[in-house]
Amino acid sequence: MFAFGSGVLLGTRTDIANATPVNFGLVQEVQLDLQFTAKELYGQYQFPVAIARGQGKATGKAKMAQISGLAFNNLFFGGSLASGQLATSFGEAGTVPGSSAYTGTGANAAAGQDDYGVVYAATGLPLTKVASSPSGGQYSVAAGAYTFNSADSSKSVLISYTYTITGIGQELTLANPLMGTTPTFQAQLYTSFQGKPCNVKLFNCVSTKLAFATKLEDFVIPELDFDIFANSAGNVLQWSFAEVA
């Protein structure tokens, strides 16, 4: 039989009860590697007269096109998802007020969190942040309100900051758990070609690496690496083939 394409990879946490199964998210590539150490027995000759397998290691790697907080949490972090999100306003256009007290607010100032700078729109040069009473070329910020000096009156600026959104999206805060805290999951890889499926069930997995890389003129393809190990019944994986060959 033949197989074509990346297939579908599904996962379900095994360290908690009634876990919601999740799709790894439009996998671009899945790779499973099985390897063993080997011990050779030598006599007086150059080649071994016997070889025995030692420790075995099974690992997997999945590259995903979809960014899924549910998948990241269930398959890697094992934390808790909360409703809402932390959003970023980058380079939001604004104008320094033309009269005292030269204080203005961003569009989402009421939910503002962290300030990430102000630059002049005309030149791109940054203003210097100070605690209060800014001079020309400086600014201060408190409770989402930006205050400038009269020297910058009516000048166009670009403001960057973060703010919270409630009731839309989800967020995950990574805490610092005790050493040894390990979320585990079971995975199912399914591929099919010309109506002939191939299935691989991975009984127990632990994620070891989550890579999230951005690139100019390209999509973000998160990558998840995981180790595969035996379940309580002693099973590591189950490979099913559509053909007897």
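Predicted model: local features only at pLDDT ≥ 70, side-chain atom pairs only at ≥ 80, totals over all residues.
The protein contains 1 helix and 15 strands. Its C-alpha trace spans about 90 × 50 × 40 Å along the principal axes. The radius of gyration is 27 Å. A compact globule of 245 residues would have a value near 18 Å. Contacts were examined by sequence separation. Of those with a separation of 6 or more, 66% join residues 24 or more positions apart.

Buried residues account for 27% of the 245 residues. The accessible surface of the protein is about 15500 Å². Carbon and sulfur atoms contribute 54% of that surface. The charged side chains comprise 12 positive and 15 negative ones. The centres of these two sets lie 8 Å apart.

Strands of a sheet pair through backbone hydrogen bonds, in either a parallel or an antiparallel manner. E8 and strand E9 (residues 138-142) run parallel and are joined by 2 bridges. Thr-128 has Gln-138 in E9 as its bridge partner.

Helix H1 covers residues 69-77. Its buried residues are Ala-71, Phe-72, Asn-73, Asn-74 and Leu-75. Gly-78 follows H1. The phi of Gly-78 is positive, near 65°.

Strand E11 (residues 156-172) holds Thr-162. Thr-162 counts as buried because its relative accessibility is 7%, and the cut-off for a buried residue is under 20%.

Key
Residues numbered from 1 in each chain as written. Heavy atoms only, no water. Pairing = 2+ DSSP bridges. Helix = DSSP H or I, 4+ residues; strand = E, 2+ residues; numbered from the N terminus. Rg over C-alpha atoms; globule rule 2.2 N^0.38 Å. Buried < 20%, exposed > 50% of the residue type's maximum accessible area, 1.4 Å probe, protein only. Contact = heavy atoms within 4.5 Å. Areas by Shrake-Rupley, 256 points an atom, 1.4 Å probe, with all protein chains shown as cover. Lys, Arg positive; Asp, Glu negative; His and termini not counted. Charge placed at Lys NZ, Arg CZ, Asp CG, Glu CD.
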